[in-house]
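The sequence and structure come next.

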Amino acid sequence: TAGIFTVSGSTSGGTTSGVTLVAPSANYNFKIFAYSIQTTGLVSEAWRFTNGAASETELWRPLITAVSSVSSPVGANMAVSPPGFIFATGTNTTLALKASSGSLVHYSVSYIKESA
């Protein structure tokens, strides 16, 4: 069985250590089919979707270039039609968002929660 879910929010500061977007589940894996990341950070950043562990596994890396001013946000967006997906976590794996610096970020991630 599958379900479609979306998580969204904003964060800053903690992005270098990681922000948990979806907690792990022993019964499901998560297949990400759409994401949007927007920031007003004044430096280029390497945003990473990871498993959130201390010895992280990188799942996907969109690059966001620096903005020209804090009033002109930039970002990365990607989407495919389900049941297709961009990347997957696997079962019992956290989905986290990490960055190379602690800039403010607004995010939305849509995923299929698929039974293992």
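Residues 24 or more positions apart account for 81% of the contacts in the protein chain with a separation of 6 or more, a contact being heavy atoms within 4.5 Å. The model is predicted, so local features need pLDDT of at least 70 and side-chain atom pairs pLDDT 80 or more, while totals for chains, interfaces and linings use all residues. Residues are numbered from 1 along each chain as its sequence is written, and side-chain values use heavy atoms, without hydrogens and water.

**Fold and dimensions**

- The protein chain has 11 strands and 0 helices; both are DSSP runs numbered from the N terminus, with strands (E) of at least two residues and helices (H or I) of at least four.
- Along the principal axes, the C-alpha atoms fill a box of roughly 45 × 30 × 20 Å.

**Burial**

- Of the 116 residues, 41% are buried (buried is under 20% relative accessible area, exposed over 50%, partly exposed in between, with a 1.4 Å probe and protein chains only).

**Salt bridges**

- The whole structure holds 4 salt bridges, each defined as a side-chain nitrogen of Lys or Arg within 4 Å of a carboxyl oxygen of Asp or Glu.
- Glu 114 pairs with Lys 31, with the closest N and O atoms 2.7 Å apart.
- This pair links distant parts of the chain, since Glu 114 belongs to strand 11 (residues 105-115) and Lys 31 to strand 3 (residues 28-39), 83 residues apart.
- Glu 114 is partly exposed at 26% relative accessible area, whereas Lys 31 is buried at 17%.
- Arg 48 and Glu 56 form a salt bridge with an N to O distance of 3.0 Å; Arg 48 is buried at 13% and Glu 56 partly exposed at 29%.
- Arg 61 and Glu 58 form another, at 2.7 Å from N to O, and Arg 61 is partly exposed at 45%, as is Glu 58 at 36%.
- Shared partners join Arg 48, Glu 56 and Lys 98 into one salt-bridge network.

**Thr 94**

- Thr 94 sits in the loop between strand 9 (87-88) and strand 10 (95-98).
- With 16% relative accessibility, Thr 94 counts as buried.
- Beyond its neighbours within four places in sequence, Thr 94 contacts Thr 20, Val 22, Pro 24, Thr 50, Asn 51 and Thr 89.
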